[in-house]
Amino acid sequence: AQAIFNAWQLPGLRALPASSYLAMGNRRQRLAGRAICSLVAAGSLFYTSSVLAFADSLLDEVKKVAKPWQQPHQLRLSGSKVAVDAVSQGPEQWQIAVQEAGAGLGRPSAFATRALNSKIAYGLDFDSAKSRYHPMGRGPVKRVAFSAAGEQDSEGLDWTLQLQGDHGRHLSVTGDADSVVYDAAYGLELPVADGLTALYAVDVKRRSDAESLLPNWARQGAGLRYASKVGDLKLSMHQPSAASASNGLEYEAILRSTLRGVGEKGSRVFSQDPHLQIRAAQEGGEPASIAARIIAPSHKGTTFGLSMGATDSEPTVQGMAMWNGKREVAKGIEVAAETQLVADKNQVNVAPVGLGAVADLASLMPGEFADGSKVVVKGRYKIGGAGPHLAATAELNSKHPSNLKATAFGVLGERGKKSAGLRFSANTPAGLDAHYEIVHDDADGLTQAGEVKLPSVRIGEDATTRSTARFYQGKEHGGKPRLQLGLQYEGAVGVKGHKMVVGGQSASYDSGRRLLDEMGRPWHSPQLTKARATAAIVRKRIESEFGEGQHWLRK
């Protein structure tokens, strides 16, 4: 209508009679009315859609609250000897573990668990090093560890048994649905004379390609160890590994000594007695070699070193100088620098240069900051490298208020990768606790988490409860914020004359449906993860050329 009206006003157009003007005005009114009606209809449709979407979202949130079994829960029932831990969020995410009572991780336990989109798994985990019970008593076996993990409707069971003793003695057995493999080592020390000890070690393994239960890999060695005032001498000889090109015995001889009195006589140069090491060896199919190295610590953070040797009659000489110095340039401010230079007949190599500074805020501003408050800046640059590596951290313990702590860090990598973070924690004498953390890096983007715990409220004589609120945001949740509102509780009950402690936490509202751990990441059973990882590590070691007995013999 506006375009027609503008065209009617253009010069050069033929004038119309008055009746035509009235008819055109009525037409413009009708067109304007239709446009207004269309806008009202479109606005009503959009508003109705928004209201319906909001109503659906609100209904979903109400449904979450109305189904408490789908909210995250943690429960612990602990006695003097046994504790029961349970964690759950709906029927597809849960774990029940019966474990030895006490503090710390890794306590012996039996568990059943289920992760999201997975079958029910079960297992055992026992380590005498983390238990008050020892099946072997005070015998030669110093550590017993056993773990097993299986899955519903599966015949496979990953299990591992480990026995460890002195002198490199050990037995490791692991099995799954396909095979059982093991390795064993036996080490022996036998005193021969004053300061002289004979050593022997043998390793055997049954690998997955064995045709019977007997071992299909073996390696043994022997040695001597002599301790005197001059130094410690150790000689070992052992069979070559299957991967070695050597056909005969391999050997290694090491003499370690401290040149006593040299530091005192040369005190103007040396800060302590120099250390000497001489090593002769032939192993791994390589030619025989001999090398001598002396390390001489000097004053003001300087250390000098010289090594000489020969491999297959080819002599080598190498010198080393290292400086690692610190100096307090002012009260509460210390600077440091370090570098290392290594030279031989062909080239001179300079290690990355490191610089650093530390500011003790408790010394600089004692009225504001408590002990432990400091700012640390470190940098490292490799000559010819892409760029420096810089890192800075700050730890702040406030005196006013005394219950506020903050930590910040920032890192700039050599290739330009950046990361930074900030952490706050505070509490009040009344019992209010608050924590907040935000981290950003180039790989994971923005991650933040916060928690607020209100003061505890006593219920009866032996029970307390407190409200909690948690907030998470990160790539684990698709970048969307995750909010949890709930309660923490703890109390004591008597069962047939025994005192039991009941504690845990439950969320009355959770905006997500994936069970989280204490760090806000997707939850996975730690016992199940440990059992499967232990089996994989032991199997990989058995398939390798590494032997515990030979390792003990040579160390």
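Trainee: In this predicted model, which residue in strand 29 does T468 stand opposite?

Mentor: The model is a prediction. Strand 28, residues 463–473, is joined to strand 29, residues 481–495, and the two run antiparallel. Within strand 29, the residue opposite T468 is G486.

Trainee: How many bridges join strand 28 to strand 29?

Mentor: Two strands count as paired if there are at least two bridges between them. Strand 28 and strand 29 meet that condition, and the number of bridges joining them is eleven.

Trainee: Which residue in the turn between strand 29 and strand 30 has a positive phi?

Mentor: Strand 29 also pairs with strand 30, residues 498–510, in the antiparallel sense over twelve bridges. In this pairing V493 stands opposite M500. The two strands form a hairpin with two residues between them, and the turn residue with a positive phi, about 55°, is K496.

Trainee: Is E252 buried or exposed?

Mentor: E252 lies in strand 13, residues 250–258. The cut-off for a buried residue is under 20% relative accessible area. Because its relative accessibility is 8%, E252 counts as buried.

Trainee: With which side chains does the side chain of E252 make a polar contact?

Mentor: Leaving aside neighbours within four places in sequence, E252 is in contact with several residues, including K234, L235 and S236. Its side chain makes polar contacts at 2.8 Å with the side chain of R279 and at 3.4 Å with that of R554. The two partners are therefore R279 and R554.

Notes. Residues numbered from 1 in each chain as written. Predicted model: local features only at pLDDT ≥ 70, side-chain atom pairs only at ≥ 80, totals over all residues. Heavy atoms only, no water. Helix = DSSP H or I, 4+ residues; strand = E, 2+ residues; numbered from the N terminus. Buried < 20%, exposed > 50% of the residue type's maximum accessible area, 1.4 Å probe, protein only. Polar contact = N/O pair within 3.5 Å; in protein donor to acceptor, adjacent residues only side chain to side chain. Contact = heavy atoms within 4.5 Å.
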